[in-house]
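Subject: Structure for your files, with notes

Dear colleague,

I am handing over the structure we spoke about, and my notes on it follow below. Please read them with the model open beside you.

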Amino acid sequence: MMPVERTSTSIVFIEDDEKLARLTARYLESHNVRVTLATDPRDGIAAVLREHPDVVLLDLMLPEIDGFEVCQRLRARVHTPIIMVTARGEEADRVMGLEGGADDYLPKPFSARELLARIRAHARRARGLAGPPAERQIVAGSLTIDPCARRAIFGETELALTTYEFDLLHALAERAGRVLTREQLVDLVRGSADEAFDRSIDVHVSHLRKKLGDDPKNPRIIKTVRGIGYVFAIDRM
């Protein structure tokens with residue numbers, strides 16, 4: 001039995017299949033999730049900017065503007081967790097979605113219970129409720145992370161991070177100097193190595209490097225350990 005959320009969660013669901021959207025919305029609403037449906041991508045973008053939901057649920061195959069472009073437009077303006085859902089489950093599509101700014105990817109047909117669990121997990125992380133309430137600040141070289149406020153400051157600049165990026169940077173910085181495999185990172189960030197694929201971590205690390213100003217060809221902060229994973233190298237900061 002799934003736990004009942006005490007706090008209502010709100011989402012905007014951008015999906016042009018009205019039947020699927022309404023069936024999904026009915027299930028989510030029966031589990032304390034407030035759903036705003038948008039069958040037109042432009043209406044969906046406007047709804048996200050207007051309502052500031054906890055999570056955006058975004059279909060890939062949309063009319064006129066596809067889900068990749070919608071994701072990029074949203075990511076340029078908000079840091080709300082975005083879960084992309086689509087019948088196209090190839091790895092190339094998943095990587096493209098993540099590169100466009102999505103936090104998560106769920107192929108159709110999906111389990112309604114799994115979707116609900118992922119929505120709740122992303123909402124908790126976005127609210128800063130995923131970890132212990134009094135976690136200490138982490139200082140790793142020029143980086144300071146406040147887990148309670150979910151703020152990351154590099155030098156004198158506060159980083160604009162998605163939910164997944166923050167959790168990934170937190171996991172790396174908390175274990176600075178220690179090599180972590182992709183599987184370990186998936187487990188630390190999301191809780192189950194079965195819920196992701198290897199290249200998803202690579203995409204998110206690439207995003208973090210850009211935001212840290214790290215040279216992708218010769219990174220000095222988040223270094224690649226070939227054939228193993230990544231290490232946050234404070235000795236080079």
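A crossing is called left-handed if the near helix is turned anticlockwise from the far one by less than a right angle, and right-handed if clockwise. This is a predicted model, in which local features need pLDDT of at least 70 and side-chain atom pairs count only at pLDDT 80 or more, while totals for chains, interfaces and linings use all residues. Residues are numbered from 1 along each chain as its sequence is written, and side-chain values use heavy atoms, with hydrogens and water left out.

Helix 1 (residues 18-29) and helix 5 (residues 112-127) have axes that come within 11 Å and cross at roughly 60°, and helix 1 passes helix 5 in a right-handed crossing. The two helices are therefore oblique to each other (angles under 35 degrees count as roughly parallel, over 145 as roughly antiparallel, 65 to 115 as roughly perpendicular and the rest as oblique). Axes here are lines fitted to C-alpha atoms, for helices over the stretch in contact, with angles running from 0 to 180 degrees between N-to-C directions; helices (H or I, at least four residues) and strands (E, at least two) are DSSP runs numbered from the N terminus. From helix 1, Thr24, Tyr27 and Leu28 meet Ala112, Arg113, Leu115, Leu116 and Ile119 of helix 5, where contact means heavy atoms within 4.5 Å.

Helix 2 (residues 41-51) and helix 3 (residues 67-75) pack at an angle of about 25° with their axes 11 Å apart, and are therefore roughly parallel to each other. This crossing, in which helix 2 passes helix 3, is right-handed. Pro41, Ile45 and Val48 of helix 2 make the contact with Val70, Arg73 and Leu74 of helix 3.

Two points of backbone geometry deserve a look. The peptide bond from Lys108 to Pro109 is cis, with omega near -5°, and Pro109 is found in the loop between strand 5 (104-107) and helix 5. His52, although not a glycine, has a positive phi of about 50°, and His52 lies in the loop between helix 2 and strand 3 (55-59).

With regards
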